[in-house]
Structures are given as C-alpha cells and as structure tokens.
Amino acid sequence: MSDARAAADETARTSYGRLLAWLSSRTRDVAAAEDALADAFNAALETWPERGIPQSPEAWLLTTARRKLIDNARRQKTRADNIPALTLAAEEAEAAISNNSPFPDERLKLLFICAHPAIDETIRTPLMLQTVLGLDAAKIASAFLVSPNAMSGRLVRAKRKIKSAHIPFETADKEDLAPRLTAVLEAIYASYGAGWNDTSGSESQRSGLAGEAIYLARLLTKLLPDEPEGWGLLALMLLAEARTNARCTDGQYIPLREQDTNLWNLDMIKYGETALATAWRLGEPGPFQIEAAIQSAHVSSMLYKKNVTEDLVLLYERLVELAPTIGACVGYAGALASASKAEDALKCLDGLDARRTEKYQPFWAVRAHILSVLNQTDDAAEAYDRAIGLAQDNAARKFLLEKKSAL
Amino acid sequence: MNYLFLLYDDEDAWDAMEEAKRNDIFGSYMAYTEALKKSNAHVAGAPLNHSREGKRIRQAGVQDGPFADGKEQLGGFYLVDVKDLDEALEWAARCPCASYGYVEVRPAWNVEQ
C-alpha cells in the first residue's frame, strides 16, 4: 500500500500540472479536469496496491482521467457536445503514450489562463498554485492570510469564470503576450512573497511557498527561454532565497551587513548569477532583471567586499523609472540613505501617497532609519513604533525595538 | 464591519517572564495599538488580568477562575472596525499575540442596522 501511495504521490508532485494542463486545454474546463484527475488519483490508490504500479503511472492516470471526464460529460447532458473532442483527445493521448513519447507540455497555456485579464488579480497566484502545482486550498489560504473556506470559494469562482467567459486556451500572440507575461511573472513572484514580509526588517517568517515559486519560474524559463524577464525573476528569487539561512538566528533578525556568509547557499547564488547573465544577454532590461541585479550587488558587496552604494542608487533609480511601485520607491530611499543622501531619501519618501504607505511596513522601517540618521529623534521613534506595530513576526519586532531604544 | 480579536496565550508564561522580554512585548502591543489607531481601525481594546481573578456567573451561581484547563487563556482583546474579513485577518496577523499564542477573529453583529 505504501509503495502505491508513494508512487501516486511522486507522480502527483512531478506531473500534476502537466496532466491538468493537458486535460483542461482540451476540455476548456479546469474544474471538470481537476475532478477527473482527482478521481484518477483515487482510482490509482485503489488499484495500484493490488495490481502493481503501472509502467507509466502518468499514462495510466491520463487514460483514467479522460475516461472519467467522458463519463461525467455523458452524465451531464449539457456537456454532450464535448464528447467528440474528448474522445479525440483520448486517442491523441493514447497515441502519444504508445509512441513512448511524452505527451505535450501545456502548462504554459495554463499559466497564461491563470493570469488572464478576466481573472481577478488577487486570485491569479492562488489559481496558479492550485492548477499547476496541485497545492490544496487550505495551504494556499494560510500563505495568503485568507480563510480556507473563502479561498476555496474564490478558486471555484475563478474556474467557473474561465469556463463561462470562454477564455481561450491558446498561447497569445507576441503582441498580446507582453502584458500577459508581466501578469504571469507577477503572480509567480507573489507566491514567493506570500506569507513573509517583503521588508528588510522582517524576512524571517516564511510560508514554505518559496520553493514552489522558484519551481514555477524555472518552468517558465524552460517554456519561454527567450524571455529575459522570466530569467530575471528566476535570478531575483534564487539570489534572495540563497540567504535564507543567514537571515534569522535564535529568533533574532540579522540584517544583510551582519549576516554570516558561510550560511549562504553559494550554489544557489551561482545559479542565480547564471540566470541573470542569461537575461542580460537577451538585451532587453526589465524590472525583474534590475531587481535581480540589486540582489546581485548586495551579494557581491558581502562576498567580495565591493563598495556598491553608488551602483545601488543607480539601479534603484532605473527601477523606479521602469516600475514605480511602492516597494521600489522605498528601496530607492534606502539606497539614497546608505549613500549619505538622507535628506534626498526623506524627500523621496515624503513624496509618496499616504494612502499607499499607511500600512506598508517597510516604508515605516526605512523612514525611521532615515530620520534617526538625520537626528530627528522624536519623529524617528514614532516611525519605529509604526513599523513595529505593522510587523508580523517577533524577530522583526525585536530588531526594531532595539533600534528604537538606541535612539 | 466590526471584528473582535480575542487574544489567547499562556498567561503563566507571562507571569514568569523576565522584565526585559516583558517590556519588549509591552512595547510591541503599544506600537500595534498605535498602528491600528493611525489607520482608524481601532475601536477598543485592553489586556486582561490573570484568569484566576475572573468570575463566571450564571443562574446556578458564581464560579471563580481560572476556568479552562487548557494552557492558553483569554488574555486581552481588540475591537476593530475594518472593511472586510480579509482586512481583519491582515490586522490579526500583525497582533503580537499571533506570534506566541493565537488570535481568534469574530465578526460582531451590527445591532444598530
């Protein structure tokens, strides 16, 4: 029994997304494909222990799933018009499998469906995590701080929308691709950031989705090797992830400059640098590449004792130009402060819309730091309080409380 | 929408805690309350004394605290006014109690409507 479960689990992990992508790109109904695939996995757990694990578990699951799809379609007369397409799809699948060639990888289509303009922005990342990686709604919900019931409901509605709005399962044309690709990249990056604060003050709380995000970015670079921003995103996450173990020891947050570089994952850094170099070679800079270059500068400042303060100011300047997000603006202010331009840094922060900064923790942490450099102690203390009050973990709170009491 | 945050933690641990750590936690709560106020989400809130000082009253009479046999006891509360449950959960996650105990989030009835 445990062998069969292990085989099913293994197939689920490695092939879930490919199986689902293949099935739903033919049925155009993600929810129905998911149900059929779930039935197929259940059937596997019942049959495999008795009859042994099939030679190609993927093929077995695919064949079983499409049979379930046809059964379900027959039962619900409304989808009867789907049956010819399904039968054709099944034949195609069996042909592909009997040729011993892998069935086509349709996950790119699935990624683009999930980030379609008709799909609400906040549900794109969860939808990707569920359809491409097979993550369950409860795990996704806790990473995004949403109740599991609400998350399930939102996912169901999103899939219904794909079906009712007839969102096409074709990869978009080159012109349409650019904005859609940005949405795909942003959704992948959101799963990296989910559940842990993107602040320099509290990088300690992790959701466990970082690995999934990196997997998705790697998948994207495999499916679209000529897109520099895909490589940029991959590089960005690898270079940040490589430092995870050094960020927090004994519940104490360790800022970059004080980290023990022996705890960094140098293989991951090398891999990240290679990805960034691949991106640059494609000759089309974009925000994710610039962000990766910023991480790369931080890394080399520590590993090779390079002075990168001016580089960082220039990189952030470019980033703000390309994508003036609140995070980029706050990062730019931080870089200015490090380059002894605290007054300019404060001006940069003051120029931001108060509604965007009100609950953005890194804004208050950086502002507090800048004010303390400028010896505006009272204002700095107030800003530290704001940053502490908005923090989500004890390591960050402790770090900021110490900074505040040192004023 | 009003939501009540019920803060549960190990109240005996609090009693046994060293001064410096207690000050840290105290400072964290002050900052959290301030952040709620600055965002106009704060309606009310207070830490509670040890549950052994609590009383329960029902028709049968009065019972002395502590009440539950679980380690975690109600130690404080916030009443917040926010847009929806998502925002309430976002604020609850920032509550220091979520880092070492747990925060129960309950939608409150709007009696006036």
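**Helix H15, chain A**

I started with H15 of chain A: 10 of its 13 residues are buried, so this helix is largely enclosed by the rest of the structure. This is a predicted model, and I kept that in mind throughout. I listed the buried residues of H15(A): A:Ile326, A:Ala328, A:Cys329, A:Val330, A:Gly331, A:Tyr332, A:Ala333, A:Ala335, A:Leu336 and A:Ala337. What covers them? I found that the cover includes helices H14 (309-322), H16 (342-350), H17 (354-357) and H18 (361-373) of chain A. I also checked the length of H15(A), which runs over residues 326-338: first to last C-alpha is 19 Å, close to the 18 Å expected at 1.5 Å a residue. Just past the end of H15(A), I noted A:Ser340 with a positive phi of about 55°.

**Rest of chain A**

I looked up the make-up of the chain and got 20 helices and two strands. Of the 407 residues in chain A, 53% are buried. For contacts in chain A with a separation of 6 or more, 65% join residues 24 or more positions apart.

I did the length check on helix H10 (residues 210-223) of chain A too. Its 14 residues should span 20 Å at 1.5 Å a residue, and the end C-alpha atoms are 20 Å apart, so the two agree. The buried residues in H10(A) include A:Ile214, A:Leu216, A:Leu219 and A:Leu220, and A:Glu212 is buried as well.

Chain A averages a pLDDT of 86, with 88% of the residues scoring at least 70. I flagged residues 195-206 of chain A, where pLDDT stays under 50; the model still has 33 contacts beyond four places in sequence for them.

Chain B has a mean pLDDT of 91, and 98% of its residues reach 70 or more. Among the elements of chain B, strand E4 (residues 61-64) has the lowest mean at 83, while E2(B) has the highest at 96. For the complex, I wrote down an ipTM of 0.88 and a pTM of 0.85 from the predictor.

Among the buried residues of H2(B) I picked out B:Ile25, B:Tyr29, B:Tyr32 and B:Leu36. Just after H2(B), B:Asn40 takes a positive phi of about 55°.

Next I went to B:Gly45, which is in strand E2 of chain B. B:Gly45 has 37% relative accessibility, so it counts as partly exposed. Leaving out residues up to four places away in sequence, B:Gly45 touches B:Phe77 and B:Tyr78. I also looked at B:Phe5, which is 40 residues from B:Gly45 along the chain; their C-alpha atoms are separated by 8.9 Å.

**Second largest pocket**

I put the volume of the second largest pocket at about 530 Å³. Of its 24 lining residues, the closest to the centre are B:Trp14, B:Tyr29, B:Pro47, B:Leu48 and B:Gly75. Which elements supply the lining? In chain B, strands E1 (2-10), E2 (42-47) and E5 (72-81) and helices H1 (11-16), H2 (19-38) and H4 (97-100) each give at least two residues. By class, I logged 14 nonpolar, seven polar and three charged residues in the lining.

Definitions and conventions. Residues are numbered from 1 along each chain as its sequence is written. Chains are lettered from A and ligands numbered from 1 in the order in which they are written. This is a predicted model: local features need pLDDT of at least 70, side-chain atom pairs count only at pLDDT 80 or more; totals for chains, interfaces and linings use all residues. Side-chain values use heavy atoms; hydrogens and water are left out. On a 1 Å grid over the protein atoms alone, a cavity is a set of points where a 1.4 Å probe fits but cannot get out, and a pocket is an open set with protein on both sides within 12 Å along at least five of seven lines; lining residues have an atom within 4 Å of a point. Grid points are joined across faces, edges and corners, and a volume is the space filled by probe spheres set on the points. Helices (H or I, at least four residues) and strands (E, at least two) are DSSP runs, numbered from the N terminus. Ala, Val, Leu, Ile, Met, Phe, Trp, Tyr, Cys and Pro count as nonpolar, Asp, Glu, Lys and Arg as charged, and the others, Gly among them, as polar. pLDDT is the predictor's confidence in each residue, from 0 to 100. Contact means heavy atoms within 4.5 Å. The expected span of a helix is 1.5 Å times one less than its number of residues. Buried means under 20% relative accessible area, exposed over 50%, partly exposed in between (1.4 Å probe, protein chains only).
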